[in-house]
Amino acid sequence: ACALKSPLFGFDESDLYLLAYGRAGTLAASLSERADRDARFAEAAQKLSRWRNEASALRPFDFYSRVLGRDKGREQMLARLGREAADAIDEFLTRALSYEQTEAPTIVGFLNFLRRAGTEVKRDLEVESDAVRVMTAHGAKGLEAPIVVLADTTSIPDGRGTRLHDVPGTEAFIWAGRKPFDSASEQAARLAADELREAEYRRLLYVALTRAADALVVCGHESGVAMKEGCWYRLVRDALEAGDPSELVAADVPYAKALRWRPKRAYAAQAGAAAPGKTITLPLWLTLATRPATAKRLRILPSQFDPDDEPHSPYAQPTSSALDPRRRGDLLHRLLQRLPDLPADKRRDAAARFLAGAAGDITELEGAALVAEALRVIEHPELAALFGPQSRAEVDVLLRGHSHEIVGRIDRVACTPDEVLVADFKTGVPAPETAPLNYVRQLALYSDVLARIYPGKAMQALLVWTAGPAIHRIEPGRLKLAAEEAQQLLTLRPESP
């Protein structure tokens, strides 16, 4: 019945009812008996018969390859379950090959092998996708998304189904019965289990709250019953209401009552700064000497050459913007990252929505200026290839050698059939007449890494000042010399912690 309802056959409940109701023998026998009266039943009976014969003679990998390939099993599964099912199918076939290398290759043995192994396939969710991902808080650990929606936040774990508890202070455990008949030990064990369950529930809330990069939506549903104490929604709402009341404001949404939290803390506040008069006691282990590392690689960070990070940059000049320069640069970089993926006619509206959510306290005039500046860069004719379909934003790179490693994040990379374009965006600084040497050295290190990834392709390095936009194309000879100089300079510097 499970096989017939699977994508391999596509039967529904009414089909199974016709086969199962009033039958004298097995479901398979009923399918064979009705084969001459229904073409779908005949096709299914013929396919099952062929598979039974092949399963007794073929190795597991060969058999399932025919089911999935020749008989279009993979195509049928992906049509119903979506392209995400491909990962599980591929892992299943990989396990079949692995099994054949160590055991006698039989179908029954392979299925027992899978049951014993308790195989769990977890897809690589770091891969960029336009799909909406639905997952548990456990499954979301270590992942991040621009927008995260917590859909079920009004329910709490009730502990049903968990009756085996540890007795506190002992190595014994107890099988809990009905609460009215609890002994003192049972009450203590039940209370300890409830505390552990609540602690795990709150830990999962922390995981859920820290998955969002841009926006977090906490929602739930009340069906005429008062919201339970201690649920995620109340924990979040109560914590926000206990702060500055002016930071929590009513939001105008068509479908429900909503509150929007917008903190007023300074964007560039120093993280970890101690409160005035507060004494911090360092733990003893922090003062102990560490053992010298052996054969430690020198870490080279191209961002060390970016003078925007220096308090007295020789290129820093005042701008007309009232925004903090770092914040303005961050917002521009995020617009340049997200907008190229959208159709041209939808970019301006999407940018306005993004700024309204991520930077709600900036003025309409300032927001319009940011959007206009980002769109001028994206739509510049000379940068068409840089924002084309073969481009990616915010690309992390790592080049590891015997004595050093280069670690960085590139603003934009595009790979065409003939060349690789690498670009670094500079915001809030009017473009100088010639590209500053420090910027060139930073870009040269990025180009050096990409040249190892794409050997044989020409390298085109661009410094793009968003204020114009102004574009500086760095000559290959200057780029190579700058990379050598940068590595020599950083080799002489002590590594930052």
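**Entry 1: helix α9**

I started with what covers the buried residues of α9 in this predicted model. The cover includes four strands: β1 (145-150), β2 (164-166), β3 (173-175) and β4 (212-218). Helix α10 (232-241) is also among the elements that cover them.

Which residues of α9 are buried? I listed E186, A189, R190, A193, Y201, L204, L205, V207 and A208.

Next I checked the length of α9, residues 184-209. The helix has 26 residues, and at 1.5 Å a residue they should span 38 Å.

**Entry 2: α4 against α5**

I moved on to helix pairs. Two packed helices are described by the angle between their axes and the distance between the axes. I took both for α4 (residues 39-55) and α5 (residues 60-70). Their axes come within 10 Å and cross at roughly 150°. An angle over 145 degrees counts as roughly antiparallel, and α4 and α5 are therefore roughly antiparallel to each other. I noted the crossing of α4 past α5 as right-handed.

Which residues meet here? From α4 I wrote down R50, W51, E54 and A55. From α5 I wrote down F63, R66, V67 and R70. Sorted by class, this contact has 4 nonpolar and 4 charged residues, and no polar ones.

**Entry 3: α7 against α8**

The axes of α7 and α8 come within 11 Å, and they cross at roughly 115°. The range for roughly perpendicular is 65 to 115 degrees, so α7 is roughly perpendicular to α8. The crossing of α7 and α8 is right-handed.

On the α7 side, F92, R95, A96 and Y99 make the contact. On the α8 side, the residues are G109, F110, F113 and L114. I sorted the residues of this contact into 6 nonpolar, 1 polar and 1 charged.

**Entry 4: L370**

Last, I picked a single residue. Where is L370? I found L370 in helix α13, residues 364-378.

Is L370 buried or exposed? Its relative accessibility is 0%. Buried means under 20%, so L370 counts as buried.

I then checked L370 against L331. The two lie 39 residues apart along the chain. Their C-alpha atoms are separated by 7.9 Å.

Note on methods
Residues are numbered from 1 along each chain as its sequence is written. This is a predicted model: local features need pLDDT of at least 70, side-chain atom pairs count only at pLDDT 80 or more; totals for chains, interfaces and linings use all residues. Side-chain values use heavy atoms; hydrogens and water are left out. Axes are lines fitted to C-alpha atoms, for helices over the stretch in contact, and angles run from 0 to 180 degrees between N-to-C directions. Helices (H or I, at least four residues) and strands (E, at least two) are DSSP runs, numbered from the N terminus. Angles under 35 degrees count as roughly parallel, over 145 as roughly antiparallel, 65 to 115 as roughly perpendicular and the rest as oblique. A crossing is left-handed if the near helix is turned anticlockwise from the far one by less than a right angle, and right-handed if clockwise. Contact means heavy atoms within 4.5 Å. Ala, Val, Leu, Ile, Met, Phe, Trp, Tyr, Cys and Pro count as nonpolar, Asp, Glu, Lys and Arg as charged, and the others, Gly among them, as polar. The expected span of a helix is 1.5 Å times one less than its number of residues. Buried means under 20% relative accessible area, exposed over 50%, partly exposed in between (1.4 Å probe, protein chains only).
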